[in-house]
Amino acid sequence: MEMYGVKILFKNTVTGQPTVTDESYSDMYVYYEESIRVFMAESFEQAEEKAIESAKYSESQYKNVYGQTVEYKFHSVVNSFIIDELQEGDEIFAQTYKITKSAHKDNCISICTTLEDTAVLREEIN
């Protein structure tokens, strides 16, 4: 058995009309989060199966400060790799991306998986 890191992508979807707004409110963005979690497994496939189960367990729904419903849902497994000396289930990385709704169109996986695209994404955020 080996230790694997699996990069998982989550998507936050906001629905409903805001009951209040302020200068910080915007509906122009979709939020994605990358998370790398650690699993003991016999293979990449088994590690990814464990990651999907863990990710689905992490899904949640809540109301934001504007009274809208936010769904935090598993989107996909991006990739996996063998690592050493951590405990199973440890999160070793997480990052949230703020992407304009017009830009995301289900291409976030390609945006989130390359360093060049991440640099472009960071420019967009700023």
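How do the residues of the lining of the largest pocket divide into nonpolar, polar and charged?

Author: This is a predicted model, and what follows should be read with that in mind. The lining of the largest pocket divides into 9 nonpolar, 9 polar and 4 charged residues. The pocket itself holds about 450 Å³ of space. Of the 22 residues that line the pocket, those closest to its centre are Val14, Ser26, Tyr29, Tyr31 and Asn64. Three strands, β1 (2-15), β2 (29-41) and β5 (91-100), each supply at least two residues of this lining, and β1 gives the most, with 4 residues.

Among the contacts between residues at least 6 apart in sequence, 78% join residues at least 24 apart. The accessible surface of the chain comes to about 7,700 Å², and 48% of that area belongs to carbon and sulfur atoms.

Turning to the charged pairs, a search of the whole structure finds 2 salt bridges. In one of them the side chains of Glu34 and Lys7 meet, with 3.2 Å from N to O. This pair links distant parts of the chain, since Glu34 lies in strand β2 and Lys7 in strand β1, 27 residues apart. Glu34 has a relative accessible area of 2%, and because buried means under 20%, Glu34 is counted as buried. Lys7, at 13% relative accessibility, falls under that cut-off too and therefore also counts as buried.

The other salt bridge joins the side chains of Lys73 and Glu59, with 4.0 Å from N to O. Here again the pair links distant parts of the chain, with Lys73 in strand β4 (residues 69-83) and Glu59 in the loop between α1 (44-58) and β3 (60-63), 14 residues apart. Lys73 has a relative accessibility of 38%, which lies between the 20% and 50% cut-offs, so Lys73 counts as partly exposed. Glu59, with a relative accessible area of 29%, is likewise partly exposed.

Lys50 has its place in helix α1 and is partly exposed, with a relative accessible area of 25%. Leaving aside neighbours within four places in sequence, Lys50 is in contact with Phe39, Met40 and Glu88. The C-alpha atoms of Lys50 and Gly89 are separated by 9.3 Å, although the two residues are 39 residues apart along the chain.

Gln17 has its place in the loop between β1 and β2. Its relative accessible area is 70%, and because exposed means over 50%, Gln17 is counted as exposed. The C-alpha atoms of Gln17 and Gly67, which are 50 residues apart along the chain, are separated by 7.7 Å.

Conventions: Residues are numbered from 1 along each chain as its sequence is written. This is a predicted model: local features need pLDDT of at least 70, side-chain atom pairs count only at pLDDT 80 or more; totals for chains, interfaces and linings use all residues. Side-chain values use heavy atoms; hydrogens and water are left out. On a 1 Å grid over the protein atoms alone, a cavity is a set of points where a 1.4 Å probe fits but cannot get out, and a pocket is an open set with protein on both sides within 12 Å along at least five of seven lines; lining residues have an atom within 4 Å of a point. Grid points are joined across faces, edges and corners, and a volume is the space filled by probe spheres set on the points. Ala, Val, Leu, Ile, Met, Phe, Trp, Tyr, Cys and Pro count as nonpolar, Asp, Glu, Lys and Arg as charged, and the others, Gly among them, as polar. Contact means heavy atoms within 4.5 Å. Accessible areas come from the Shrake-Rupley method with a 1.4 Å probe; for residues, only the protein chains shown count as cover. Buried means under 20% relative accessible area, exposed over 50%, partly exposed in between (1.4 Å probe, protein chains only).
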